[in-house]
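Visitor: Hi! Could you walk me through this one?
Guide: Happy to. Let's look at it together.

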Amino acid sequence: MSELPADFTILALETSCDETAAAIVRGGREVISNVVASQMATHERYGGVVPEIASRQHILSLAPVVRAALAALPNGWEGIDAIAATHGPGLSGALLTGLNAAKAMAWQRGLPFVAVNHLEAHLYAGWLGSDPPPPFPLVALLVSGGHTLLALIRDHGDYELLGQTRDDAAGEAFDKVARILGLGYPGGPAIQAAAAKATPGGMLPRAWLRDSFDFSFSGLKTAVLHRVQDRLAQMTRLSGRKGAAEAPQLDAAFVAQMAYAFQESVVDVLVTKTVDAAPRYEARAILLAGGVAANRRLREELARRASVPVRLPALDLCTDNAAMVAAAAFYRFQAGVQHGWDTDVTANLPLGSV
Ligand code: KG4
Ligand code: ZN
């Protein structure tokens, strides 16, 4: 392992899903610029990300996003020492746009290039702006739209998977339940907002999967679906409108109550398993990462129940961004990793693979 200069500056791209992002990070932890062009509005009407549309939009957004990120450096390109991009996991077509753009820029500028694992990048959001950096060993809970996993991080790049979801990812469950409740996309922020309006109370099941750090959220999603179907049937009976032209609408109080009970159930299982894992693996801290790490209840409960310090990335660094990619790249470069021009995307790249 060779020490990089403390001011080693990386330009990184992130295009694994529906955000086109470019960022510049100095020394692995100082964010110089962090630009994200969200495609959320484009995909909202479909209730989820449409891969082909995402790839096309990345191609349109990449150049302006890179230009905006570089504008933060007085000497522009002269201030960049290396380039990085996500190469998996994610949507293949979407990944290809950012990976190829980054390789082309690195080749043209004669700069070193490293390809980054998106899951590892989420974890490295915990290094951004942190002083001192997170201490090893760490127990990390990574909860995003595509993944839910609990990992032990012994050192940079040294991971042990302790558990993962057996069905839906936590963010995916938020998105699917939001759709069942008629709330918007993405579901996480919509559920959080609806839950805040509920009177606390009401229980939904929790899948504990005893003696395992694995998770399961699909039963919870089905429980919400059944409650909604019962409620709609009850409303139809009460209004005597069976067979009426327009379907009954869920009332806001019921939606808020379901959102609340769903969020409590997810947060309880995630937090319980994470705080149990920390002492078992003698972790010096817990790290929370991924889009669902932006959830207010999850952040509060984890901090309240943990017996070791909890590292919570800033909200805008939880959801997809390129600053976290640059941070992960810094520590990979430091470990001597570089990638060639033949590097390809890997849609299902596991944590620990680069
Ligand atoms: O990490 P991310 O931006 O993309 C993936 O790599 O998947 O995560 C997106 C996920 C979505 O499922 C979204 O609903 C969820 O993160 N999310 C939240 C919140 N903000 C975003 N879930 C719960 N509460 C939030 N406040
Ligand atoms: Zn992500």
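Visitor: What arrangement do the 4 donor atoms around the zinc ion (ligand 2) make?
Guide: A tetrahedral one, because the angles they subtend run from 96 to 132°; four donors count as tetrahedral if all angles lie between 85 and 135 degrees. Donors here are N, O and S atoms within 2.8 Å of the metal (3.2 Å for Na, K and Ca), and water is not among the atoms, so sites may look incomplete.

Visitor: Which residues coordinate the zinc ion?
Guide: His 118 (NE2), His 122 (NE2) and Asp 320 (OD), at 2.0 to 2.1 Å. His 122 sits in helix α4 and Asp 320 in the loop between α10 and α11, so this pair ties together parts 198 residues apart in sequence. Helices are DSSP runs (H or I, at least four residues), as are strands (E, at least two), numbered from the N terminus.

Visitor: Before I go on, is this predicted or experimental, and how are things numbered?
Guide: This is a predicted model, where local features need pLDDT of at least 70 and side-chain atom pairs pLDDT 80 or more, while totals for chains, interfaces and linings use all residues. Residues are numbered from 1 along each chain as written, chains are lettered from A and ligands numbered from 1 in written order, and side-chain values use heavy atoms, without hydrogens or water.

Visitor: Are His 122 and Asp 320 buried or exposed?
Guide: Both are buried, meaning under 20% relative accessible area (1.4 Å probe, protein chains only).

Visitor: And how far is His 122 from ligand 1?
Guide: One of its polar side-chain atoms lies 3.0 Å from an oxygen atom of ligand 1.

Visitor: Which element gives the most to the shell around ligand 1?
Guide: That is α6, with 4 residues.

Methods: Four donors count as tetrahedral if all angles lie between 85 and 135 degrees; four count as square planar and six as octahedral if opposite donors are over 155 degrees apart and all others between 65 and 115; anything else is irregular. Buried means under 20% relative accessible area, exposed over 50%, partly exposed in between (1.4 Å probe, protein chains only). A polar contact is a pair of N or O atoms within 3.5 Å; within protein, one must be able to donate a hydrogen and the other to accept it, and residues adjacent in sequence count only if both atoms are side-chain atoms.
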